[in-house]
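Hi,

Here is the structure I promised to pass on to you. Have a look first, and my notes on what turned up follow below.

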Amino acid sequence: MKHLEKNFQQAKKHDRKGQKVLYEMFSAKMLAIANSYVNNIHDAEDIVMNSFFVCFSKIEECKEWKSFPFWLRKIVVNNSINFIRKRKNILYSDVEISEIEYRDDEWNEEVQDINVDEIFSKMPDGYRIIFNLYVFEERKHHEIAEILNISEGTSKSQLSKSKKWITDFLKQKKDEKQYAK
């Protein structure tokens, strides 16, 4: 943490060495975050580069070194969402949650031996984006609806569908493992 404080202060003075160290400290994590949204490593790399450019251009807005990782993450997430808005046409279906046959206890039973990269690479875009925003970014449905320009009900149904999709995916993997034995 001491290195973070020192390099953050250097980066605030537009010192290239401090910026480089911060980039090296956080670029891999930010790349994973961006890729979890866009599901394309080349696009994720572009988002991360743009995010660091924004970060270092506006670093004065980040008041404390302790909040820097969270502030940078927010930039990456926002840039990922903006990228999706500009480049991808994602269709969200307006299905009420009550129309989806899903039991929450199934979700809890299936969370074991998970390959997150594989799940996110195969999950439909709409499910993945809302799942990420709700679970990892801890956004509320009304915030997600505003960010993605969808209804709150659509956000809720897509989250429910994403959980069901993950459950079904994990069951399929489990069945494949048992069949292979």
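Let's start with helix H7, which covers residues 125–136. Its twelve residues reach 16 Å from the first C-alpha to the last, close to the 16 Å expected at 1.5 Å a residue. (The expected span is 1.5 Å times one less than the number of residues; helices are DSSP runs of H or I with at least four residues, numbered from the N terminus.)

Before going on, please keep in mind that this is a predicted model: local features need pLDDT of at least 70, side-chain atom pairs count only at pLDDT 80 or more, and totals for chains, interfaces and linings use all residues. Residues are numbered from 1 along each chain as its sequence is written, and side-chain values use heavy atoms, with hydrogens and water left out.

Back to H7. Gly126, Tyr127, Arg128, Ile129, Ile130, Phe131, Asn132 and Leu133 are buried there. (Buried means under 20% relative accessible area, exposed over 50%, and partly exposed in between, with a 1.4 Å probe and protein chains only.) Tyrosine 134, also in H7, is partly exposed at 33%. Together with Val135 and Phe136, Tyr134 makes a nonpolar patch on the surface, with about 250 Å² of accessible area in total. (Patches take residues with over 30% relative accessible area and no salt bridge, joining like charges within 9 Å and nonpolar side chains, meaning Val, Leu, Ile, Met, Phe, Trp and Tyr, within 5 Å; the areas come from the Shrake-Rupley method with a 1.4 Å probe, and for residues only the protein chains shown count as cover.) After the helix comes glutamate 138, with a positive phi near 55°.

Now for the charges. How many salt bridges are there? The count comes to eight, taking a side-chain nitrogen of Lys or Arg within 4 Å of a carboxyl oxygen of Asp or Glu. One of them joins arginine 73 and glutamate 137, with the closest N and O atoms 2.9 Å apart. Arginine 73 sits in helix H4 and glutamate 137 in the loop between H7 and helix H8 (141–148), so this pair ties together parts that are 64 residues apart in sequence. Arginine 73 is partly exposed at 21%, while glutamate 137 is buried at 18%.

Aspartate 125 is partly exposed at 26%, but arginine 128 is buried at 0%.

Then the rings. The whole structure has nine aromatic pairs. (Rings of Phe, Tyr and Trp, the last by its six-membered ring, pair if their centres lie within 6.5 Å; planes under 30 degrees apart are stacked, over 60 edge-to-face, and the rest tilted.) Among them is the tilted pair of phenylalanine 52 and phenylalanine 56, 5.7 Å centre to centre with 40° between the planes. Phenylalanine 131 and phenylalanine 136 pair edge-to-face, 6.0 Å centre to centre with 80° between the planes. Phenylalanine 131 is buried at 6%, whereas phenylalanine 136 is partly exposed at 42%. Elsewhere, Phe8, Phe26, Phe68 and Trp71 form one aromatic cluster.

Cheers

How values were computed
Helix = DSSP H or I, 4+ residues; strand = E, 2+ residues; numbered from the N terminus.
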